Amino acid sequence: MRKMTEFAGMALLVVGVCGVLRELTGGWFAIMGFTRWIIEPIGFLDGRELHVHIVLAALGLAALARVNRA
């Protein structure tokens, strides 16, 4: 269970940071835009992509902190 939580936390952190970089550079890093496929179909998140990526990165950090604390 610990390895699974560690993997999920790292994946969320990488996705969040890549998304933030992509949003801040105006889509310059197109390869990092794979989260658009998850976020764009959800209507109420339209225009809030940066915030969603920040939340994903924070959730990843929280999961990794929880794994290291236990």
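User: Which helices do the buried residues of α3 pack against?

Analyst: The buried residues of α3 pack against α1 (2–24) and α2 (36–39). Contact means heavy atoms within 4.5 Å. Buried means under 20% relative accessible area, exposed over 50%, partly exposed in between (1.4 Å probe, protein chains only). This is a predicted model, so local features need pLDDT of at least 70 and side-chain atom pairs 80 or more, while totals for chains, interfaces and linings use all residues. Residues are numbered from 1 along each chain as its sequence is written, and side-chain values use heavy atoms, without hydrogens and water.

User: How many helices and strands are there?

Analyst: Helices (H or I, at least four residues) and strands (E, at least two) are DSSP runs, numbered from the N terminus. The protein chain has three helices and zero strands. Its pattern along the sequence is α-α-α. The C-alpha atoms fill a box of roughly 40 × 25 × 15 Å along the principal axes.

User: What span does α3 reach, and what is expected?

Analyst: The expected span is 1.5 Å times one less than the number of residues. Helix α3 covers residues 49–69, 21 residues in total. From first C-alpha to last, α3 reaches 30 Å, close to the 30 Å expected. α1 has 23 residues and reaches 33 Å, close to the 33 Å expected. Glycine 26 follows α1, with a positive phi near 70 degrees.

User: Which residues of α3 are buried, and which exposed residues does the opposite face carry?

Analyst: The buried residues of α3 are Glu49, Val52, His53, Leu56, Ala57, Gly60, Ala63, Leu64 and Val67. They lie on the same side of α3, because they cover an arc of only 140 degrees around the axis. That arc is taken from the directions from the helix axis to the C-beta atoms. The face turned away from the buried side carries exposed His51, Arg66 and Arg69.

User: What does α1 bury?

Analyst: Gly9, Leu13, Val15, Gly16, Cys18, Gly19, Val20 and Arg22 are buried in α1. The buried residues of α1 pack against α2 and α3.

User: Which residues does leucine 50 touch?

Analyst: Leucine 50 lies in helix α3. Leaving out residues up to four places away in sequence, leucine 50 touches Val20, Glu23 and Leu24. Leucine 50 counts as partly exposed because its relative accessibility is 29%.

User: How many salt bridges are there?

Analyst: A salt bridge is a side-chain nitrogen of Lys or Arg within 4 Å of a carboxyl oxygen of Asp or Glu. The count comes to one. Arginine 22 forms a salt bridge with glutamate 23, the closest N and O atoms being 2.8 Å apart. Arginine 22 is buried, at 12% relative accessible area. Glutamate 23 is partly exposed, at 26%.

User: Which residues make the nonpolar surface patch?

Analyst: Patches are made of residues with over 30% relative accessible area and no salt bridge; like charges are joined within 9 Å, nonpolar side chains (Val, Leu, Ile, Met, Phe, Trp, Tyr) within 5 Å. Here Phe34, Trp37 and Ile38 make a nonpolar patch of about 390 Å². Tryptophan 37 lies in helix α2. At 65% relative accessibility, tryptophan 37 counts as exposed.

Conventions
Areas by Shrake-Rupley, 256 points an atom, 1.4 Å probe, with all protein chains shown as cover.
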